[in-house]
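This briefing concerns the pairing of charged side chains. Please consult the sequence and the model shown below.

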Amino acid sequence: MRCFGDGDPLYEAYHDDEWGRPVTTERGLFEKVCLEGFQAGLSWSLVLRRRASLRDAFAGFDPDALVGWGDRQIDTALEAPGMIRSRAKVSMVVTNARACVDLRDAGGLAELIWSFAPPGRRAAPKRLADVPAITEESAAMAKALKKAGFRFVGATTCYALMQADGLVNDHVAGCAVRAAVEADRRAAAR
């Protein structure tokens with residue numbers, strides 16, 4: 001049993017191999033912050049389908065390659081094949097890259113994001129409808145990311161980020177990968 005994604009090979013692979021698995025690198029977390037920002041108002045499956053194009057357009061989500069971007073590069077990105085054509089969201093990637101690089105002196109993006117991982121283990125939700133959209137931790141993370149200069153990082157987006165990057169394990173009870181995800185989370189915490 002899967003929590004979601006049955007019948008869509010791309011979504012099934014995302015569920016089985018990525019969702020809830022710990023992401024601890026700056027670049028990996030930067031990409032996820034930006035992708036969650038792109039998802040605002042859209043479906044996650046659309047973002048997944050466009051992820052390769054977004055990676056191509058944004059230099060593999062390398063913050064160092066994006067910090068110097070200006071209007072010309074943003075205009076070029078907006079015309080890239082497979083782009084989600086929102087100037088605000090494309091500009092968000094550049095703004096977030098600058099914030100990410102600036103955070104390095106204070107410990108970095110990974111340290112900031114993982115500081116909001118809730119302590120202990122929570123019981124597995126019975127169904128996805130039992131999972132909150134916002135938590136105290138996600139609201140605090142959103143506030144901290146905004147203070148650091150990030151955009152498109154509201155409390156709901158930050159909770160989705162926490163789920164995607166393994167800060168929490170919201171795979172439902174009985175999900176085929178829940179135990180493996182939890183083992184990965186424990187290994188990453190060491």
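This is a predicted model: local features need pLDDT of at least 70, side-chain atom pairs count only at pLDDT 80 or more; totals for chains, interfaces and linings use all residues.

The model contains 14 salt bridges, each defined as a side-chain nitrogen of Lys or Arg within 4 Å of a carboxyl oxygen of Asp or Glu. Local features need pLDDT of at least 70 and side-chain atom pairs count only at pLDDT 80 or more, while totals for chains, interfaces and linings use all residues. Residues are numbered from 1 along each chain as its sequence is written, and side-chain values use heavy atoms, leaving out hydrogens and water.

**Asp 184 and Arg 21**
- A salt bridge joins the side chains of Asp 184 and Arg 21 at 2.7 Å, N to O.
- Because Asp 184 belongs to helix H10 (residues 178-189) and Arg 21 to the loop between helix H1 (9-17) and helix H2 (26-39), the pair ties together parts 163 residues apart in sequence; helices are DSSP runs of H or I with at least four residues, numbered from the N terminus.
- Arg 21 is buried at 17% relative accessibility, whereas Asp 184 is partly exposed at 31% (buried: under 20% relative accessible area; exposed: over 50%; partly exposed: in between; 1.4 Å probe, protein chains only).

**Arg 87 and Asp 75**
- The side chains of Arg 87 and Asp 75 form a salt bridge of 2.2 Å, N to O.
- Arg 87 is in helix H6 and Asp 75 in helix H5 (residues 71-78), so this pair connects parts 12 residues apart in sequence.
- Arg 87 is partly exposed at 41% relative accessibility, and Asp 75 is partly exposed at 35%.

**Network**
- Salt bridges link Arg 2, Asp 6, Glu 12 and Asp 16 in a network.

Notes: Helices (H or I, at least four residues) and strands (E, at least two) are DSSP runs, numbered from the N terminus.
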